[in-house]
Amino acid sequence: MKKLYGAACLALAVSAGVNASSHREAPFITKYPQVDATDFYMFMSYEPGREDYVTLIANYLPVQAAYGGPNYFPLDDNALYEIHIDNDGDATEDLTFQFQFRDELPAGGVIPLDIGGTSVTSVLRNIGGVAPGSEGGLSHLESYSLSVVSGDRRTGTTTTVTNTGSGDTLFRKPFDYAGTKTFGGAGNYESYARSFIHDVEIPNCSQNARVFVGQRHEAFNIALGEVFDLVNLVPIEGDSAPGASDGGGFPGGITQDTARNQLARNNVTSIAMEVHKDCLAGTEGIIGGWTSASLRQASIINPTATFEQPEVVGGAWAQVSRLGSPLVNELVIGYDMKDRFNGSHPSADGQFLNFVTNPVLPAILNILFLDPVNQALGATLTNLAPTNFPRNDLVAAFLTGFSGVNQFAGGTPGEMLRLNTGIAPTIRANQQPLGVAAGDLAGFPNGRRPGDDTVDIALRVVMGALCHDLPVGAGGAPANLGLCAPADAVVGNVAFTDGAPLSAQELNNSFPYLLTPYPGSPVGSPLPTPID
């Protein structure tokens, strides 16, 4: 593959062709929502005093309706959840953090009630209040173990992670946010959840790490229904929309509208870690990262199921979910290859090259919007999709990174997030939703923060933004990256958007950054607000 150079081209590229988080992205994974990865974040921590740490967040179990009781959203105790780190550029993991979960009944068993003189166990998961250190009302507890594998994730050296203070090897996960009554009123859940942030000792790392696994508010903003209903919106900023001047709008385009975010009252389950950069990065200071989930190859249903053993599993681990950059699988990989991508490894991504060099999404957008755009402009354009084939700009975005910023010297192409740990984090107040494109070098696509608006970035890139002048020259002056010409992308300078804005100001300013989950009750509860 041709290597592309120039740090400036990082401005908009890494997730081209992507315009949402990864929810229900392949036919097979829809059968197993507990192991369906929704988003992966990797960024330099911007919590004050933690700037030398890297935060890794892998979200699973998509589109959780907060009211989804009585069992809510446990993770799969027969699955293996992993976060992989490549620190030498060979598109193969050098470190893997492995999480395995355990479902448990309370020490005394399910809570019994005296019913007419007969002791009968409770029918609900929770029948009493829950607070930090007081979970006596729960009939179902979740814990997990955490291991670090050096080298190959299946054959490398495995070491168990321990609690810094107690030396424990099991860590508790908080109960999901059933509602305000269960937790003693609005505002109490966050204190309860934060009591499950654990300080841990990472092998061969002199600095302690932090880990949290639990339910969080969905951080990804997108007009999800409209996007997958043949893009049932005109994804162009109207002239009155915020930011329209940065690319120009078309009459009749949409305006930014928080109501378009159809995930606003949904939750996810986050597996979050914060590890010192010196314990992750190699000699170049760059890391690649992705998350995966695996199941055993065989599962036999227990016809006389018990809580402890509803099924029997065996065989080798088989990867069923994979996620680096958002929505690669949904909108880049062909429908007949989506399950294969979920089971694949970054080092084998050459098999998917045609989906990147000759992307389908721009052609779909051309079919859907050629006539509306011509009508709006009074023009006679014959094609909206970029014509610079092969799309080597997208090859660099997906598979190689960019020289001088987040590209490994002599690295192997492979799809994963890439982060330069030598670039300092931007404080929350100064973060730009468009990341590097807006001059914020600590943002997407140099890693990915929860407040990076990857939707709008990606829509613009896939339609050819890199072919036009961008504010990446000296002092922010417009400059062309030399990847393609403006004539190759006739609408590449348009401010495409899904109309569901996102900003770091909507997120917390401390680990694990994602907001308090939306409560299951009462109906109509206000949306979560950031914590400083």
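Predicted model: local features only at pLDDT ≥ 70, side-chain atom pairs only at ≥ 80, totals over all residues.

Reader: How many helices and strands does the protein chain have?

Author: The protein chain contains eight helices and 16 strands.

Reader: And what share of the residues is buried?

Author: Of the 532 residues in the protein chain, 56% are buried. The accessible surface amounts to about 20,200 Å², and carbon and sulfur atoms account for 53% of that surface.

Reader: Which residues have the most contacts inside the largest nonpolar core?

Author: They are Tyr-81, Phe-97 and Phe-99, in a core of 105 residues. In general, nonpolar side chains of soluble globular proteins tend to be buried together.

Reader: What does Tyr-81 touch, leaving out residues up to four places away in sequence?

Author: Its contacts include Phe-97 and Phe-99, as well as Gln-34, Tyr-60, Ile-271 and Ala-293. For the protein chain, 69% of the contacts between residues at least 6 apart in sequence join residues at least 24 apart.

Reader: Let us change topic to aromatic rings. How many aromatic pairs are there?

Author: The count comes to 18 aromatic pairs. One of them joins Phe-183 and Tyr-192, with ring centres 5.1 Å apart and planes at 45°.

Reader: Why is the pair of Phe-183 and Tyr-192 called tilted?

Author: The angle of 45° between the planes decides it, because planes under 30 degrees apart count as stacked, over 60 as edge-to-face and the rest as tilted.

Reader: Are Phe-183 and Tyr-192 buried or exposed?

Author: Both Phe-183 and Tyr-192 are buried. They also belong to one aromatic cluster, together with Tyr-72, Phe-175, Tyr-177, Tyr-189 and Phe-196.

Reader: Now helix 8, please. How many of its residues are buried?

Author: Helix 8 spans residues 454-462, and nine of its nine residues are buried. Among them are Asp-456 and Arg-460, along with Ile-457 and Leu-459.

Reader: What covers the buried residues of helix 8?

Author: The cover includes helix 6 (361-377) and helix 7 (392-400). Just after helix 8, Gly-464 has a positive phi of about 105°.

Reader: Finally, the surface. Which residues make the nonpolar surface patch of about 540 Å²?

Author: Leu-113, Ile-115, Val-120, Val-123, Leu-124 and Ile-127 make this patch. Val-123 lies in the loop between strand 6 (118-121) and strand 7 (141-150).

Reader: Why does Val-123 count as exposed?

Author: Val-123 counts as exposed because its relative accessible area is 78%, and exposed means over 50%.

Note on methods:
Residues numbered from 1 in each chain as written. Heavy atoms only, no water. Patch = residues over 30% accessible without salt bridge, like charges linked within 9 Å, V, L, I, M, F, W, Y side chains within 5 Å. Areas by Shrake-Rupley, 256 points an atom, 1.4 Å probe, with all protein chains shown as cover. Salt bridge = Lys/Arg side-chain N within 4 Å of Asp/Glu carboxyl O. Helix = DSSP H or I, 4+ residues; strand = E, 2+ residues; numbered from the N terminus. Buried < 20%, exposed > 50% of the residue type's maximum accessible area, 1.4 Å probe, protein only. Core = buried A, V, L, I, M, F, W, Y, C linked by side-chain atoms within 4.5 Å. Contact = heavy atoms within 4.5 Å. Phe/Tyr/Trp six-rings, centres within 6.5 Å; stacked < 30°, edge-to-face > 60°.
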